[in-house]
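Biologist: I would like to learn how to read a helix in a model. Please take one and go through it with me.

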Amino acid sequence: MGSGDVSAPACKCQFETDYEKAYAIAKELAAHGDVPIETVLPAVSADKIDDWEILCDCRDPDRVIAGGRKEKNDWYLVTMKNFFTVPEHRKKGHATEILVRLMDRAKKEVNPAVMAADITFDNEASKATFRKQGFNEVTRFCYEKGEPPADIVHFVRTKAENDKC
C-alpha cells in the first residue's frame, strides 16, 4: 500500500440476516457497479443472495467493499455477473479473490462446460481481471475439447453504433 492509502484490508462480512446482506450489497452495487439501476434489486433477491461472494471492510464488517455473483444459465453455462469494488479498495486484488471463489463454487456445484462473464465493453479493469483467470473475449466457444465450436449470438432490439446507443 502507498503511504497515502488509508483503506483497511478486506475481511469476511458479518451479516445476521440475508436481508441485511442483500441491502448492503444493493447499496454498493448501485453506487459502484457497472450495471443499470433496475437490475440491482433483482440481483440481490432471495433466490439469488446465496450466489454472491462478498468482502467487507475489516474496520466495518457490515460495509461491503467488493462483490460478484454467479448465475447458472443452463446445463452447461454459468455466468459471472454484477462485479463491483468500491473506489478506495480497487487495485488490491479483491475482484480477483471474488472471481476465484465464484469459479471454485461453480466447479463444485455445477461443473459447467462454459463459464462466461457479463462485462461492459469499455470496462478494461474488469476485462483484465477475467483475462488473468483464463477468460477470453469470444463469440465462438467450445463445450469440450475436440467438439465442434458453438457461436454466441446475441439478438437485440437496439443495436449499438460504435460506442453509442
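Modeller: Helix 3 covers residues 94-109, 16 residues in total. Helices here are DSSP runs of H or I with at least four residues, strands are runs of E with at least two, and both are numbered from the N terminus. This is a predicted model, where local features need pLDDT of at least 70, side-chain atom pairs count only at pLDDT 80 or more, and totals for chains, interfaces and linings use all residues. Residues are numbered from 1 along each chain as its sequence is written, and side-chain values use heavy atoms, without hydrogens and water.

Biologist: What span is expected for helix 3 at 1.5 Å a residue?

Modeller: The expected span is 1.5 Å times one less than the number of residues. For helix 3 the expected value is 22 Å, and the distance from its first C-alpha to its last is close to that, at 22 Å.

Biologist: Which residues of helix 3 are buried?

Modeller: Buried means under 20% relative accessible area, exposed over 50%, and partly exposed in between, with a 1.4 Å probe and protein chains only. In helix 3 the buried residues are His-94, Ile-98, Leu-99, Leu-102, Met-103, Arg-105 and Ala-106.

Biologist: Why do the buried residues of helix 3 line one face?

Modeller: An α-helix has 3.6 residues a turn, so residues three or four places apart point the same way. In helix 3 the buried residues fall within an arc of 165° seen down the axis, so they line one face; the arc is taken from the directions from the axis to the C-beta atoms.

Biologist: What covers the buried residues of helix 3?

Modeller: The cover includes strand 3 (60-72), strand 4 (77-85) and helix 4 (124-132). After helix 3 comes Asn-111, with a positive phi near 50°.

Biologist: How many helices and strands does the protein have?

Modeller: Four helices and seven strands.

Definitions and conventions
Contact = heavy atoms within 4.5 Å.
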